[in-house]
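This briefing covers side-chain packing and charge pairing in one protein model. The sequence and structure come first, then the notes.

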Amino acid sequence: MKKHLLLIALLVATAGLDAAAQSRPGTRKPVPKGKSKTVPGTKGAPKPPPVYSPIQAGRADEDAPPPMVVLKVKIKKPVLVYYEEPAPGKSVQQLIMAEEHLGLLKTLDLEHLMSRREVFVDGLGNLALPGSDVNKFRLLGTSAVAEDTRRPAGDGRSFYSRLKVPASAFLYVVRESAEEYRHFIKGPQKKGSLLDFQANGLPGIDSVRAVYTLRKMDASERGAGSGETIR
């Protein structure tokens, strides 16, 4: 009987120890620094889309004309060439180049001449030089400073006149549309030309490099083009 009571007491004591051991908190593994716990339910959730700044497309005023770009150029002994196409062509253009380049007229047609860096066209406009007083200074075509004497250009068709600007003077180059320059055609008269707005004298050419000379205008000559040449 005593053995049975001792065995029961031993079983009760063992059960009490197991219950106490289960009630104590267990050991946890330390979380490495720099790593946060994973929040339940967020694994695999899509990331929010990135936010971009708005793109500015084009100018604010699309109708505004592009700014005029004027470059300075020096041409050694510049001449004004009254270029005429060989028959059956009718195109006539006023080209600007150095006198030493007149030989190009014998070997190149008009389209290839216009693509050469040393060949320009005589400006047709009456332009204001950016940054200058529009009432005192104007950019005018070089015809205003060409000599009256015309000499054969060497190709059997064209003539040229020397420009009355010193070889050291600057001329001004403006990139312009070829639309205003493509209508010159040979007139019925022996000298000179006329305009035919139905003809395209510059096929395949979209823009030209037009040469101007800077003129100082008198108050009574505004736009007349007979002022003093600025060197």
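The model is predicted. Its largest nonpolar core has 28 residues, and a second, separate core has 15. The count of salt bridges is 5.

**Nonpolar cores**
- In the largest core, the residues touching the most other members are Val81, Leu95, Met97, Leu105, Met114, Leu202 and Val208.
- Two or more residues of this core come from each of strand 2 (78-84), strand 3 (92-98), helix 2 (104-107), helix 3 (110-114), strand 9 (171-177) and strand 12 (207-216).
- Strand 12 contributes the most, with 4 residues.
- Beyond its neighbours within four places in sequence, Val208 is in contact with Met114, Val121, Val174, Arg175, Glu176, Ser177, Ala178, Tyr181 and Leu202.
- Tyr82, Leu163, Val165 and Val211 are among the members of the second core.

**Aromatic rings**
- The whole structure contains 0 aromatic pairs.
- Arg150 places its charged end over the ring of Tyr82, 3.7 Å from the ring centre.
- The charged end of Lys72 lies over the ring of Phe170, at 4.9 Å from its centre.

**Salt bridges**
- Arg116 and Glu118 form a salt bridge at 2.8 Å, N to O; Arg116 is partly exposed at 32% relative accessible area, and Glu118 is partly exposed at 22%.
- Asp155 and Arg157 are bridged with their closest N and O atoms 3.1 Å apart. Asp155 counts as buried because its relative accessible area is 13%, under the 20% limit, whereas Arg157 is partly exposed at 23%.
- Glu179 pairs with Arg182 in a salt bridge, the closest N and O atoms being 3.2 Å apart; Glu179 is partly exposed at 39%, and Arg182 is partly exposed at 23%.

Notes:
Residues are numbered from 1 along each chain as its sequence is written. This is a predicted model: local features need pLDDT of at least 70, side-chain atom pairs count only at pLDDT 80 or more; totals for chains, interfaces and linings use all residues. Side-chain values use heavy atoms; hydrogens and water are left out. A nonpolar core is a set of buried Ala, Val, Leu, Ile, Met, Phe, Trp, Tyr and Cys residues joined through side-chain atoms within 4.5 Å. Buried means under 20% relative accessible area, exposed over 50%, partly exposed in between (1.4 Å probe, protein chains only). Contact means heavy atoms within 4.5 Å. Rings of Phe, Tyr and Trp (its six-membered ring) pair if their centres lie within 6.5 Å; planes under 30 degrees apart count as stacked, over 60 as edge-to-face and the rest as tilted. A charge sits over a ring if NZ of Lys or CZ of Arg is within 6 Å of the ring centre and within 35 degrees of the ring normal. A salt bridge is a side-chain nitrogen of Lys or Arg within 4 Å of a carboxyl oxygen of Asp or Glu.
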